[in-house]
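Open the model in your viewer and keep the selection tool at hand. The tour goes stop by stop, with something to select at each one.

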Amino acid sequence: WFLNPTASALQEKDTLVWNGYETIESVRGERPTIVLADGSTVRLNSETILKYPEQFSKNERVVYLEGHAHFEVARNPEKPFIIYTQNSKTEVLGTSFDVRTNPETIAAEIFVSSGKVAFSEKQDTGNSVTLTLNERAVLKAENPILVEEVDADKLTAWKTDQLVFQKASLAEIITVIEPWYDIEVKVTTPELLEEKYNLNMSDPSLEAFLVYLSDLGDLAYEIKGNSITIR
C-alpha cells in the first residue's frame with residue numbers, strides 16, 4: 001500500500017523521501033518524536049512508520065501511519081488533520097489521541113485523550129464513529145466499529161516512557177516489552193501466559209522491570225543477551 005519502500009532501503013536510512021513525503025521508521029527500542037510543519041507533534045512507538053509532507057497542502061493536513069503513534073494535533077478549523085492507515089481514516093481539527101494498527105489482531109484502533117475525533121473505515125466511510133475523551137474505537141475487517149470507555153491516560157502513558165498495565169496477561173505484556181526493550185521473550189510454562197498483572201513503572205530498566213514482574217507473579221527469569229526466558 002502507501003508505505004512500500006524496500007526493506008534494505010529502510011535499513012540504510014531512517015528517513016527517505018517519495019513524492020514530497022518523508023518517511024521515518026522507528027526500530028525496536030526507539031520512540032522518537034516528530035514535529036510536523038504545522039506544529040503538531042507525533043510520538044512514534046517502536047516499530048512504527050510515519051509518512052508526512054515537508055509542507056501541508058492549503059486545504060488539509062494528511063499523514064500516513066503503520067504501527068502505533070500518539071498525536072498532539074495543532075488546532076486549525078480551516079484545515080483538517082487526516083491520518084490514513086491501511087484500513088482506516090481519522091480526521092480531527094485539533095486534539096490528542098493514539099492510533100494503532102496491528103494486522104495480526106485488528107485492522108486499527110484509536111483512543112482519545114482530548115477533543116473530538118472522527119474515525120472511519122477507509123473503504124466504507126459509512127462505517128464511522130465520532131469519539132471524545134476516554135473513548136476507544138476498534139475496527140476489525142468487515143465488522144462495525146466497536147466503541148468503549150477507557151482510561152486514556154493509562155493507555156497513552158507509553159508516550160512519557162511509562163509502562164502501565166491493568167489486568168493484563170503476561171502474553172499481552174510480552175507483546176509490549178519485546179519491542180520496547182528490543183528483546184525476545186520465551187515462556188517455558190505456558191499457563192503463566194494467562195496470569196494477570198497490574199503494573200505502573202516510569203522508564204524502568206529491563207532488569208528493574210523483570211525484578212518487579214517476578215515479585216508480582218512469583219516468576220523466575222534468565223537473561224542471555226537479548227533473549228529472556230521466563231519460567
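A polar contact is a pair of N or O atoms within 3.5 Å; inside the protein, one atom must be able to donate a hydrogen and the other to accept it. Keep that in mind for the next selection. Keep in mind too that this is a predicted model.

**Stop 1**

Select E109, in strand β11. Is E109 buried or exposed? E109 has a relative accessible area of 3%. Buried means under 20%, so E109 is buried. A polar contact of 2.5 Å links the side chains of E109 and R100.

**Stop 2: the largest pocket**

The largest pocket has a volume of about 1500 Å³. It is lined by 41 residues, and those closest to its centre are H68, R100, E109, T175 and V176. Select these five and centre the view on them.

Next, colour by secondary structure. Several elements supply at least two residues each to the lining of this pocket, among them β5 (48-53), β10 (96-102), β11 (106-114) and α3 (170-181). Which strand gives the most to the lining? Select β16 (162-169). β16 gives the most, with 7 residues. Then colour the lining by residue class. The lining of the largest pocket has 16 nonpolar, 11 polar and 14 charged residues.

**Stop 3: two buried residues in strands**

Select S96, in strand β10. S96 is buried, with a relative accessible area of 5%. The side chains of S96 and S114 make a polar contact at 2.6 Å.

Move to A137, in strand β14. The relative accessible area of A137 is 0%, so A137 is buried. Now pick I110 and draw a line between the two C-alpha atoms. A137 and I110 are 27 residues apart in sequence, but their C-alpha atoms are 5.4 Å apart in space.

**Stop 4: the aromatic rings**

Show every Phe, Tyr and Trp side chain. How many aromatic pairs does the structure hold? The structure holds 6.

Start with Y64 and Y84. Their rings are stacked, 5.7 Å centre to centre, with 20° between the planes. Y64 is in strand β6 (residues 61-66) and Y84 in strand β8 (residues 81-84), so the pair links parts of the chain 20 residues apart. Turn to F71 and F81. Their ring centres are 6.1 Å apart and their planes are at 65°, so this pair is edge-to-face. F71 is in strand β7 (residues 68-72) and F81 is in strand β8, 10 residues apart. Both F71 and F81 are buried. F56, F71, F81 and F97 form one aromatic cluster.

One more ring is worth a look. Select W180 and R31. The charged end of R31 sits over the ring of W180, 3.7 Å from its centre.

**Stop 5: helix α4 and the cavity**

Select helix α4, residues 206-217. Pick F209 in this helix. F209 is buried, with a relative accessible area of 0%. F209 and T41 are 168 residues apart in sequence and 28 Å apart in space, C-alpha to C-alpha.

Now look for the cavity. There is 1 cavity of 30 Å³ or more. The largest cavity has a volume of about 40 Å³. Which residues line the largest cavity? Select L210, L213, S214, L219, A220, Y221 and I230. Helix α4 gives the most to this lining, with 3 residues. By class, the lining of the largest cavity holds 6 nonpolar residues, 1 polar residue and no charged ones.

**Stop 6: two backbone angles**

End with the backbone. Most residues other than glycine have a negative phi. Select D218, in the loop between α4 and β19 (221-224). D218 has a positive phi of about 55° although it is not a glycine. D218 is exposed, with a relative accessible area of 72%.

Finish at D182. This residue is in the loop between α3 and β17 (184-187). D182 is not a glycine, yet its phi is positive, about 55°. Is D182 buried, exposed or partly exposed? D182 has 34% relative accessibility, so it counts as partly exposed.

Key: Residues numbered from 1 in each chain as written. Predicted model: local features only at pLDDT ≥ 70, side-chain atom pairs only at ≥ 80, totals over all residues. Heavy atoms only, no water. 1 Å grid on protein atoms, 1.4 Å probe; cavity = no way out; pocket = protein on both sides within 12 Å on 5 of 7 lines; lining within 4 Å. Points joined across faces, edges and corners; volume = space filled by probe spheres on them. Helix = DSSP H or I, 4+ residues; strand = E, 2+ residues; numbered from the N terminus. Nonpolar A, V, L, I, M, F, W, Y, C, P; charged D, E, K, R; others polar. Phe/Tyr/Trp six-rings, centres within 6.5 Å; stacked < 30°, edge-to-face > 60°. Buried < 20%, exposed > 50% of the residue type's maximum accessible area, 1.4 Å probe, protein only. Lys NZ or Arg CZ within 6 Å of the ring centre and 35° of its normal.
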